[in-house]
Amino acid sequence: MTNERTERGEPAFLLAQLGAHAASQFAERLRVLDLAPADAGILRLLRVASGLSQQELAGKLRIHPSRLVAILDNLEKRGYLDRRPNPGDRRLYSLHLTKTGEEVLGRIGKVAREHQDALLAGLTHEERAALGSLLLKVADQQGLARGVHPGYRLMGPSKRPSDSA
């Protein structure tokens, strides 16, 4: 016998269920680019806020700066970002995307659009807009930073698909 509430779905459970599913599917799609979701999020943030210091970026992500070092080292090694001397404080480095970083962001954007279209295929354009508005309202009420995945707070050193192979 099925429980009507289980069949109908409780919103908090559905958000958790869909969030876990969406995150897993996005990570799988990014494997083609040999990137992890954390890499994609950091590159996206640096596109809109070029020149941040490592400490400022850690603040936006709400993680300890030392947790960011390995991720930034890897992204720099792959040619996606540069650390440049900060003109305002010689002790700091400013983070900037490279041309290669901009190019990979274009590929990430394509993957993200395909992911969103697949995830929301059952909704009309109007339903997608309404869902987005409602979810933004809930996220704001919960104090979530817009454009920053809360998972950064929980992460340790970055694990790339090639790291586990």
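This is a predicted model: local features need pLDDT of at least 70, side-chain atom pairs count only at pLDDT 80 or more; totals for chains, interfaces and linings use all residues.

Colleague: How many salt bridges does a search of the whole structure find?

Modeller: The search finds seven.

Colleague: Which residue does Arg-91 pair with, and how far apart are the closest N and O atoms?

Modeller: Arg-91 pairs with Asp-89, and the closest N and O atoms are 2.8 Å apart.

Colleague: And is Asp-89 buried or exposed?

Modeller: Asp-89 has 19% relative accessibility, so it counts as buried, the cut-off being under 20%. Arg-91 is exposed, with a relative accessible area of 71%.

Colleague: Switching to the helices. Where do Lys-110 and Glu-114 lie?

Modeller: Both are in helix H6, which covers residues 99–119, and they sit four residues apart, about one turn of the helix. Lys-110 forms a salt bridge with Glu-114, with 2.6 Å between the closest N and O atoms. Lys-110 is partly exposed at 47% relative accessibility, and Glu-114 is partly exposed at 36%.

Colleague: What does Arg-128 form a salt bridge with?

Modeller: Its partner is Asp-117, the closest N and O atoms being 3.1 Å apart. Arg-128 lies in helix H7 (residues 125–141) and Asp-117 in helix H6, so this pair ties together parts that are 11 residues apart in sequence.

Colleague: What is the relative accessibility of Arg-128?

Modeller: Arg-128 comes out at 25%, which counts as partly exposed. Asp-117 is also partly exposed, at 42%.

Colleague: Last one: which residues are linked in a network of salt bridges?

Modeller: Asp-73, Glu-76 and Arg-83 are linked that way.

Methods: Residues are numbered from 1 along each chain as its sequence is written. Side-chain values use heavy atoms; hydrogens and water are left out. A salt bridge is a side-chain nitrogen of Lys or Arg within 4 Å of a carboxyl oxygen of Asp or Glu. Buried means under 20% relative accessible area, exposed over 50%, partly exposed in between (1.4 Å probe, protein chains only). Helices (H or I, at least four residues) and strands (E, at least two) are DSSP runs, numbered from the N terminus.
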